[in-house]
Amino acid sequence: MLDSDNTLRIIHAGALERVVQKCLEHFSKQYPEYSFEFTAVGSREGAKRLLLGEEYDIIALADQALFAELLVPVLVESYFVFAADQIVLSYNCSSKGSRKITPENWPEILLKPQIRFARSNHHLDPCGYRTLMVWQLAEIFFAKPGLCSALEAAAIPYFTYPKSLDLAAALSKGQIDYAFLYSSQAKQLGLPYIALPAKINLSNPAYANFYDQAVVSVDSITPGENVIIHGRPIEFAVGIAKASKLPVLAKLFINFLMDLEGNSILEECGFIPC
Amino acid sequence: MKEDLLSKSELTIPIERSIQAELLLLLGQRPSHGYELIQRLNEADYKSGEADAATVYRNLRRMDKDGLIKSHWEIGESGPGRRLYELTLQGEESLKVWAKYLAQQKTNLEIFLQAYFRFEKSLSERQGG
């Protein structure tokens with residue numbers, strides 16, 4: 001017996017938009033008596049919306065650590081890691097310098113005065129603070145003191161793009177030359193990209209200790225306060241809101257996402273199913 | 001063969017060939033989730049190169065589908081829930097086959113190296129004489 005309310009509400013990381021859409025295309029056919037709503041946000045913003053009282057059944061975020069930091073145990077009881085990814089440097093067919101850019105020389109190319117590059121807002125979106133971590137790790141990896149500060153100063157102001165989805169759209173339209181995105185986003189949009197070294201792209205748990213050196217300060221949920229976030233391998237996670245009026249249906253959707261069909265969709269969309 | 005091509009094949013071919021055996025052995029030692037397996041694999045004395053997350057998870061899914069390992073979702077006590085993998089009886093048998101195969105490969109390589117060293121010695125003797 002399923003639940004009585006009839007709309008399943010999902011709030012998810014912008015980077016998961018296509019995954020959620022594709023999953024719902026299949027899943028909703030099995031449950032035609034229900035309707036489905038989904039909202040794409042930067043993941044920090046998504047967690048904050050729950051804290052402010054907005055009602056959702058399922059929360060799928062780009063950083064599993066956000067659950068422990070903001071949602072568990074008050075709003076969510078348990079959560080599951082279901083996908084991994086990495087940060088890449090993506091460009092488009094008209095990006096300046098793209099013929100010469102490599103995984104080694106990208107800092108020099110980006111710091112040229114005519115190049116426009118960007119990241120998403122680190123206060124709202126994990127892709128934004130992960131990009132800052134990549135820059136910090138690149139400073140160590142390439143032994144270039146001051147690299148992170150130079151990149152921050154040269155980049156388009158961080159608040160221009162609230163989430164990586166907005167940034168990917170801007171890159172697709174040619175409004176910028178380069179963007180730090182998830183590999184999955186570049187693949188979904190057919191955008192070319194350079195893969196960064198594994199020691200800095202936040203992809204490999206074997207480098208968890210190295211990634212931990214990167215530290216970013218972001219706005220806390222308490223106005224005027226900050227939270228310190230350390231670098232770690234990129235993992236997406238999903239959970240059910242304790243207040244969900246459709247816990248059975250929500251569980252069925254999560255099972256779908258984490259089982260064979262969901263894994264195929266994740267792979268199609270460029271993620272690594274975990 | 002160009003140097004970069006040589007180094008690429010040295011790094012990738014053994015990983016693709018042996019990563020399943022390495023994962024089966026690690027899971028035989030104790031059940032683990034993917035994140036931990038990647039760390040254990042990269043810390044192992046016998047690792048043949050850097051094992052990336054995509055390769056490890058792809059091989060885990062393949063072995064799960066083939067019945068060599070089985071998995072279930074484990075709720076984390078203080079952290080996230082993760083898919084926990086463990087070895088099956090079929091996986092144990094497969095690991096035994098892998099061990100026999102690798103032992104045979106080791107013997108073949110030793111025989112090859114002995115032959116090579118004899119050749120190298122005769123070559124230097126000819127050049128010296």
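In the predicted model, Thr7(A) stands opposite Ser35(A), a residue of strand 2 of chain A. The two strands involved, strand 1 (residues 7–13) and strand 2 of chain A, run parallel and are joined over 7 bridges. They belong to an open sheet of 6 strands in chain A, ordered 2-1-3-11-4-12. Pairing in this sheet is mixed. Strand 2 (35–41) and strand 12 of chain A form the edges. Each has a single partner strand, so one side of each lacks a neighbour in the sheet. Helix 1 (residues 17–30) of chain A packs on this sheet. Helix 1 touches strand 1, strand 2 and strand 3 (58–61) of chain A, and its direction makes about 175° with that of strand 2.

Chain A also holds an open sheet of 4 strands, in the order 6-7-5-8. Here too the pairing is mixed. Strand 5 (residues 87–91) and strand 7 (residues 178–182) of chain A are antiparallel, with 5 bridges between them. Within this pair, Tyr91(A) has Tyr178(A), in strand 7 of chain A, as its bridge partner. Two helices of chain A pack on the sheet, helix 5 (residues 126–141) and helix 7 (residues 164–172). Helix 5 touches strand 5 and strand 7 of chain A, and its direction makes about 110° with that of strand 7. Helix 7 touches strand 5, strand 6 and strand 7 of chain A; the angle with strand 7 is about 135°.

Leu181(A) lies in strand 7 of chain A. Beyond residues up to four places away in sequence, Leu181(A) touches Val88(A), Ser90(A), Cys127(A), Ser164(A), Leu167(A), Ala168(A) and Ala186(A). Glu261(A) is 80 residues from Leu181(A) along the chain, and their C-alpha atoms are 25 Å apart.

Chain A as a whole contains 11 helices and 12 strands. Its radius of gyration is 19 Å, which agrees with the value near 19 Å for a compact globule of 274 residues. Along the principal axes, the C-alpha atoms of chain A fill a box of roughly 60 × 40 × 35 Å. Of the 274 residues, 51% count as buried. Among contacts in chain A between residues at least 6 apart in sequence, 74% join residues at least 24 apart.

At the interface, 19 residues of chain A are in contact with 18 residues of chain B. On the chain A side, helix 3 (65–71), strand 4 (76–84) and strand 12 (272–273) each give two or more residues. Strand 4 of chain A provides the largest share, 5 residues. By class, this side has 14 nonpolar residues, 5 polar residues and no charged ones.

The model scores ipTM 0.88 and pTM 0.88. Chain B averages a pLDDT of 86, and 86% of its residues score at least 70. Confidence in chain B is highest in strand 3 (residues 82–87), with a mean of 97, and lowest in helix 1 (residues 3–29), with a mean of 67. Over residues 5–15 of chain B the pLDDT is below 50. Beyond near neighbours in sequence, this stretch has 9 contacts in the model. Where pLDDT is low, predicted coordinates should not be read in detail.

Note on methods:
Residues are numbered from 1 along each chain as its sequence is written. Chains are lettered from A and ligands numbered from 1 in the order in which they are written. This is a predicted model: local features need pLDDT of at least 70, side-chain atom pairs count only at pLDDT 80 or more; totals for chains, interfaces and linings use all residues. pLDDT is the predictor's confidence in each residue, from 0 to 100. Two residues are in contact if their C-beta atoms, placed from the backbone, lie within 7 Å. Ala, Val, Leu, Ile, Met, Phe, Trp, Tyr, Cys and Pro count as nonpolar, Asp, Glu, Lys and Arg as charged, and the others, Gly among them, as polar. The radius of gyration is taken over C-alpha atoms; the globule rule is 2.2 Å times the number of residues to the power 0.38. A residue is buried if 20 or more other C-beta atoms lie within 10 Å of its own, exposed if 12 or fewer, and partly exposed in between; C-beta atoms are placed from the backbone. Two strands pair if DSSP finds at least two bridges between them. Axes are lines fitted to C-alpha atoms, for helices over the stretch in contact, and angles run from 0 to 180 degrees between N-to-C directions.
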